[in-house]
Amino acid sequence: MGNVLLDFSNVVKRYGDTPVVDRISFTVAPGEFFTLLGPSGCGKTTTLRLLAGLETPDAGEITLQGRCLAAPDRGILVPIDKRNMGMVFQSYAIWPHLTVFENVAFPLRVRGEPRAAIKKRVQEALEIVGLGHLGQRGSTELSGGQQQRVALARAIVYTPALLLLDEPLSNLDVKLREQMRAELQALHKRLNLAVVYVTHDQAEALALSDRIAVVNQGRLEQVGTPAEVYERPHTRFVGDFLGRTVIVKGTMRKDAGQTWVDVQGAGRIAVRADGAFIDGAEVRILSRPEDVTLLPMGELGQNQVTATVEHVAYMGDHLEYTVMVAGRILILPASKRNPHPIGADVRLAFDPARVTALLQ
Amino acid sequence: MSAMTVPAVPNIWLKLRGFRGAELLVLLFFAVVMALPILFMLVGSFNTAAPGETPVYGLENWTRAFSDPQTLSALWMSFLFSVVRLIPSLTLSVIVAWLIARTDMPGGHTVEFLCWFAFFVPDFPLTLAWILLLDPHFGFLNSVAGYLPFVTGPLFNPYSFWGIVWVHLGTGGIWLNVMLLTPVFRRLGATLEEAARVSGANTLTTLWRITFPVLSPMILAIAVLSFIKGLESFNTELLLGLPARIYVYGTRIYDYLRQEPPAYGEATALGSVFLLVLFVLAFFYRRYLQGKKKFTVVTGQGYSTLRVKLGKWRYVAIGGFILWFTVMMVLPLIFLVIGSFMRRYGFFNLSSPFTLAHWQNLLGDPLFIGSLKNSLIIASTTAILGVLLYSVVGYLLASRRLAAPAVLEFFCWLPWVIPGILMSLGLLWIFLATPLRGILYGTVWGIALALTIHDSPVSTQAFKSSFLQLGPDLEEAARVSGASWRYTYLRILLPLVAPVAVTVAMLNFGSALTSISTPVLLYSAESRPLSILLLEYSFTGEIERAAALGLLITAIICVMMLVGRRFGLRMTNPQRQEVKPGVGQPA
């Protein structure tokens with residue numbers, strides 16, 4: 001089956017004239033935890049629903065395990081119930097008229113499994129999610145966390161080709177969410193199932209995923225490992241969406257095989273840049289606050305720029321500096337040791353491995 | 001891998017087989033049974049020949065109908081009745097709803113239940129009971145009043161304009177208004193009133209300046225609803241209006257068709273005019289509602305309501321309600337019982353005034369046995385057909401995937417505007433002028449079909465809102481789990497809407513049992529239902545036997561509704577349904 005389990009290729013979905021999924025392409029490898037991350041209304045849930053067959057694509061192809069699920073150009077559309085997917089809905093969609101056991105048994109009953117096998121596998125699935133003792137409980141008597149586990153057990157009970165999770169943690173309170181996140185991770189390791197996970201929570205995405213696809217306004221902005229998308233965002237949007245950013249403006253310089261950015265007289269920062277950047281281009285440099293070190297004034301070293309402290313806020317475990325660099329305000333956390341007074345000149349040391357240059 | 005062998009289905013065919021196909025079928029059905037009768041009626045109004053004969057077209061019907069001053073007066077009377085009735089009925093129901101929902105009146109839940117109960121008491125037996133109470137010759141209250149000084153001759157006369165208005169203060173509509181308004185008052189966010197109180201307004205000012213204005217769009221909407229419903233009113237006007245020669249348009253149509261030979265032409269001309277009026281009204285009503293959408297969502301958070309403390313007035317309030325309920329509901333029902341057991345009603349000073357003879361006559365009457373059988377067949381068919389048809393329609397409407405949802409909605413609302421007697425008139429043309437004559441004309445199936453159509457608005461709405469409330473997730477989860485649509489429908493959707501299905505079936509069964517205006521044009525000697533038998537007893541002066549039959553019908557309905565209530569038959573308060581699918585849903 002090669003290294004591609006799912007091939008989601010150039011898929012388009014329009015509501016009226018507005019494309020909500022605009023030529024999105026990605027692949028998922030067997031056993032991979034793949035996350036679609038983006039703000040609400042960006043098309044990530046629609047993408048998941050297209051995978052499940054709950055929406056019909058207007059163009060593109062979806063192939064799972066070498067079998068074409070949807071290809072409107074060729075008139076192919078495999079019905080929802082023939083796709084062999086497991087899905088956990090945001091609302092969990094636990095059927096209120098069925099017991100916990102019957103909820104989980106449903107996919108097996110549909111598949112006409114023998115009675116004894118159903119009993120065994122439902123029990124197994126319930127054990128996996130830690131609800132082994134609740135089988136006969138009515139499903140409306142469950143807490144949110146328990147409902148979530150039932151939904152998960154129902155999705156994995158028949159070993160689906162792909163497990164689809166639609167913001168499964170968003171309805172849980174913070175503490176439970178962290179616990180379920182850890183459990184989800186353990187479960188994924190144990191079952192070795194390929195997972196497509198939809199979320200708007202970047203912390204969840206970073207912690208759980210093998211790879212993340214950042215979606216914005218129906219388009220894929222970037223696909224990569226959590227470290228790649230976090231540390232080297234390709235676009236301003238990806239940078240902002242995944243966490244706090246430090247941005248300085250400057251001019252791209254290329255000379256003798258070296259590339260750096262001149263930060264308007266404040267210093268220079270070495271960057272990796274491809275041919276899209278020409279010498280003299282106006283650019284922004286994007287980095288993460290924790291990757292920028294605040295140093296007392298001294299001689300400017302490599303990848304350092306000068307700045308002035310405008311304000312200091314006491315945050316308890318650290319200090320937060322508001323500094324001015326070449327006419328731009330930046331907010332940086334720093335240790336409480338060796339504090340810099342307001343008005344002092346300081347140096348900002350960038351980590352060249354963790355900066356990205358973006359064209360303005 | 002076995003899943004690989006599943007054939008891929010072409011997109012277009014799947015669409016046609018799924019939603020598009022179902023939508024097309026439903027639309028086609030509605031077009032045939034709803035749009036076509038109306039079209040037939042409009043065309044038929046220009047046809048001067050009797051239905052089934054070679055048509056001759058001309059304006060004769062219209063000129064004849066409108067040169068008859070009684071036609072215009074019937075239209076005018078319909079409006080007059082509806083308007084005059086509206087004022088006390090709306091005032092009373094607003095007050096009672098407010099008392100139930102927003103005050104500390106004792107026994108609020110009981111009052112709510114009594115209103116619910118009263119709604120189901122059929123109006124024809126009630127009207128009969130008022131005849132027993134108010135008839136100039138044998139009415140009990142007139143006899144009692146006769147003993148008062150200065151009273152010569154009968155004090156009350158039910159066969160009059162005000163008699164009809166009076167009887168309507170106790171029949172279905174007013175109780176329905178209470179049931180519709182109570183949740184509206186209940187849902188009003190308490191914070192709006194609390195803010196007014198904190199701003200320094202007292203209870204009365206708050207009520208007058210905040211509560212009523214905020215709710216005015218809803219109240220007005222219900223007012224228009226009951227006005228249009230009032231125009232359709234038929235039974236009371238038939239029983240009380242005919243002896244006094246007071247005609248509303250419905251009884252006028254009935255009268256035209258009772259003539260020998262039946263004046264189909266005039267009846268259809270009158271029906272067509274009325275239809276136009278109703279359409280104009282309904283059009284503005286819907287437009288008004290759409291314009292007011294932002295106003296109607298005054299549903300605040302939760303149900304935490306600030307209840308108005310009435311102090312000693314709470315006893316006045318509950319006392320007033322008890323008085324009203326006793327006079328309008330308990331008293332008539334008691335006299336219905338008494339009437340059915342009296343040898344000759346009104347003659348209390350006979351040596352043995354009470355007898356079981358009327359009941360024995362009734363139960364032994366072969367007409368009764370036949371009618372009972374007919375009624376049961378008609379009502380069961382209506383109930384089953386309604387559930388099957390409108391659950392699908394409601395599902396389609398809730399799915400939001402239709403090509404023409406507005407058209408389907410329009411069809412479903414059509415019978416809401418079209419009174420039963422007009423619908424039957426239209427259907428009569430279809431039944432007579434098509435090959436369906438054999439199966440549908442004068443048979444129980446024709447009546448059941450007409451009644452099913454008449455049930456469409458409420459049934460569709462009930463299913464639609466219940467499917468909407470379920471949301472798409474429960475269904476989609478089953479589909480993703482590998483269940484076919486049919487399996488999903490049977491195992492997931494149907495069990496979840498079962499309480500609604502039972503409710504709809506009960507309501508339709510009940511209305512089929514009591515409806516007079518719908519079957520009155522469609523029945524024959526072989527398919528006569530109980531309600532028509534009741535009508536015939538009343539007209540032939542067998543008032544005691546009519547009382548017994550009316551009581552029997554009332555009893556059947558009440559028992560059914562009480563049983564149905566156990567299944568979550570609540571009509572207006574879906575929040576209190578047995579199944580709560582919302583538990584797992586996002587806040």
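Colleague: In which sense does α5(B) pass α26(B)?

Modeller: In this predicted model, the crossing of α5(B) past α26(B) is left-handed.

Colleague: How is such a pair of packed helices described?

Modeller: Two packed helices are described by the angle between their axes and by the distance between those axes. Here helix α5 (residues 123-134) of chain B and helix α26 (residues 543-565) of chain B make an angle of about 140°, and their axes lie 9 Å apart.

Colleague: Which residues in α5(B) and α26(B) meet?

Modeller: From α5(B) come B:Phe124, B:Pro125, B:Leu128, B:Ile131 and B:Leu132, and they meet residues of α26(B) that include B:Ile543, B:Ala546, B:Gly550 and B:Leu551. Sorted by class, this contact of α5(B) with α26(B) has 10 nonpolar residues and 2 polar ones, with no charged residues.

Colleague: Turning to the nonpolar cores, how many residues has the largest nonpolar core, and which have the most contacts inside it?

Modeller: The largest nonpolar core has 230 residues, and those with the most contacts inside it are A:Val104, A:Ala153, A:Leu164 and A:Val196. Helix α24 (residues 485-514) of chain B gives the largest share of this core, with 13 residues. Apart from this core lies another, of 26 residues, among them A:Trp260, A:Val261, A:Val325 and A:Phe350.

Colleague: And what does A:Val196 touch, leaving out residues up to four places away in sequence?

Modeller: On that count, A:Val196 touches residues including A:Val28, A:Phe34, A:Leu36, A:Leu162 and A:Leu164.

Terms used
Residues numbered from 1 in each chain as written. Chains lettered and ligands numbered in written order. Predicted model: local features only at pLDDT ≥ 70, side-chain atom pairs only at ≥ 80, totals over all residues. Core = buried A, V, L, I, M, F, W, Y, C linked by C-beta atoms within 7 Å. Buried ≥ 20, exposed ≤ 12 C-beta atoms within 10 Å, placed from the backbone. Helix = DSSP H or I, 4+ residues; strand = E, 2+ residues; numbered from the N terminus. Contact = placed C-beta atoms within 7 Å. Axes fitted to C-alpha atoms, helices over the stretch in contact; angles between N-to-C directions. Left-handed = near helix turned anticlockwise from the far one by under 90°. Nonpolar A, V, L, I, M, F, W, Y, C, P; charged D, E, K, R; others polar.
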